[in-house]
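Look over the two-chain model shown here.

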Amino acid sequence: MKSKRIATIDTLCVACGTCMKECPFGAISIPTGIKALVNLEICVGCGKCSKVCPASVITIVEREVAYEN
Amino acid sequence: MKTKKWYDYLWVVEITYFVLGFFNILFAWIGMIFFVTPLAISAIKGDKLYCNRYCGRGQLFAKLGSKFSRNRPMPPFFRTPYFRYGFLAFFMAMFFNMIFATYLVFAGVSSLSETLTLLWTFKVPWAFANTSGVTTWIAQYAFGFYSVMMTSTILGIVTMVLFKPRGFCVYCPMGTMTQGICKLKHKGES
C-alpha cells in the first residue's frame, strides 16, 4: 500500500546528494546532476530528506497533490 | 542500516590534507585533486557523483554538523541562481587573482609572499612553511591554493554552525560549476 504523503523537490535543488544519502529507502536519485528525483513508487513521505536538505527545497505533500502536479 | 563503503571515509582525507599543509605548505598542491576531479566527473559522466559520494569536505561538515549545527534553514537567497553564480564568479575572480600573483613571482616581478590570506583579507604569516628545494612560483601557488582551501573551509564551517550541516553545498563554487556542466551536458533532454 502506498503512503499518503510523498516528497517533492523544487527546481532550485542544488543536487548535493544529502537527501539521497539520508533516504532510508533509496527513493531519491540524481541521475543527471541537475536535480534530485523522487521515485514515487518507493517514497513513503517520511520527511527525513526534507529535514536534512541544506537548500530547504524538499517539501512533503499529499500524494494526490503531487500526482496532480 | 546501510553498510559503509570506502568512500564514506573520505572526510579523513580532507583532515589529512589540512594537517599536511600545516607541516609543509607544498602539500597544498594535492588539493588540485579536489578541484579537478569533480569537474572531470561531471564533464565525462554528466553527473555530480563527486558531490554526492566522494566529497570529503561535505562529509566532514555533515559529521561536525551532527554535533555543532543549529540545524536552521538557510535564508532563501542563498539558493537563488543570482547568489550561487555571483559567488562562483567572485570565487573564480579571486582564484585567477591568485594565479596572477603566482605568475608575477614566476616572472620575477614579485618576491615570494609567505603568508596565507584568509577570507581574501586577513594575512596570516606562515611559520610552518618549508619551501626550500622548489622554485618560488611553486611555493607561491601552494600558499595561494591553501588560502583558497582554508577560506572555503572557514565559510563552510560558519554555514554549518549557523544553518544546516551541509549548508555550504548550497553555494559551493565547485557544486555550482559541476551542476552547470551537467546542465550543459543534458541540454535538450526531456
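## The hairpin of chain B

Leu119(B) takes a positive phi near 50 degrees. This residue belongs to the hairpin of E1(B) and E2(B), which has three residues between the strands. The model is predicted, so these details are computed from predicted coordinates.

Strand E1(B) covers residues 115-118, and strand E2(B) covers residues 122-125. The two strands pair in the antiparallel sense over four bridges. Leu118(B) stands opposite Phe122(B).

## Confidence

How does the model score on ipTM and pTM? The values are ipTM 0.89 and pTM 0.90. For chain B the pLDDT averages 90. In that chain, 95% of the residues score at least 70. Where pLDDT is low, the predicted coordinates should not be read in detail.

## Chain B overall

Chain B has eight helices and two strands. Along the sequence the order is α-α-α-α-α-β-β-α-α-α.

The C-alpha atoms fill a box of roughly 50 × 40 × 35 Å along the principal axes. The radius of gyration of chain B is 18 Å. A compact globule with 190 residues would have a value near 16 Å, and the chain agrees with that. Buried residues make up 34% of chain B. Among contacts with a separation of 6 or more, 80% join residues 24 or more positions apart.

## Chain A overall

Chain A has three helices and four strands. Read along the sequence, they follow the pattern β-α-β-β-α-β-α. Why call chain A as compact as a globular protein of its length? Its radius of gyration is 11 Å, and the globule rule gives 11 Å for 69 residues, so the chain is as compact as a globular protein of that length.

The box filled by the C-alpha atoms of chain A is roughly 30 × 25 × 20 Å along the principal axes. Buried residues account for 39% of the 69 residues. Of the contacts in chain A with a separation of 6 or more, 62% come from residues 24 or more positions apart.

## Nonpolar cores

In soluble globular proteins, nonpolar side chains tend to be buried together. Here the largest nonpolar core has 38 residues. Which of them touch the most other members? They are Cys19(A) and Cys49(A). H7(B) gives the largest share, four residues.

Beyond residues up to four places away in sequence, Cys49(A) touches Ala7(A), Cys19(A), Glu22(A), Cys23(A), Ile28(A) and Ile58(A). Another core, of 12 residues, lies apart from the largest one. Its members include Ile25(B), Ala28(B), Tyr146(B) and Met149(B).

## The interface

How many residues of each chain are in contact with the other? In chain A there are 17, and in chain B there are 22. What is the make-up of the chain A side? It divides into 12 nonpolar and five polar residues. No charged residue is found on that side.

Terms used
Residues numbered from 1 in each chain as written. Chains lettered and ligands numbered in written order. Contact = placed C-beta atoms within 7 Å. Nonpolar A, V, L, I, M, F, W, Y, C, P; charged D, E, K, R; others polar. Rg over C-alpha atoms; globule rule 2.2 N^0.38 Å. Buried ≥ 20, exposed ≤ 12 C-beta atoms within 10 Å, placed from the backbone. Core = buried A, V, L, I, M, F, W, Y, C linked by C-beta atoms within 7 Å. Pairing = 2+ DSSP bridges. pLDDT = per-residue confidence, 0-100.
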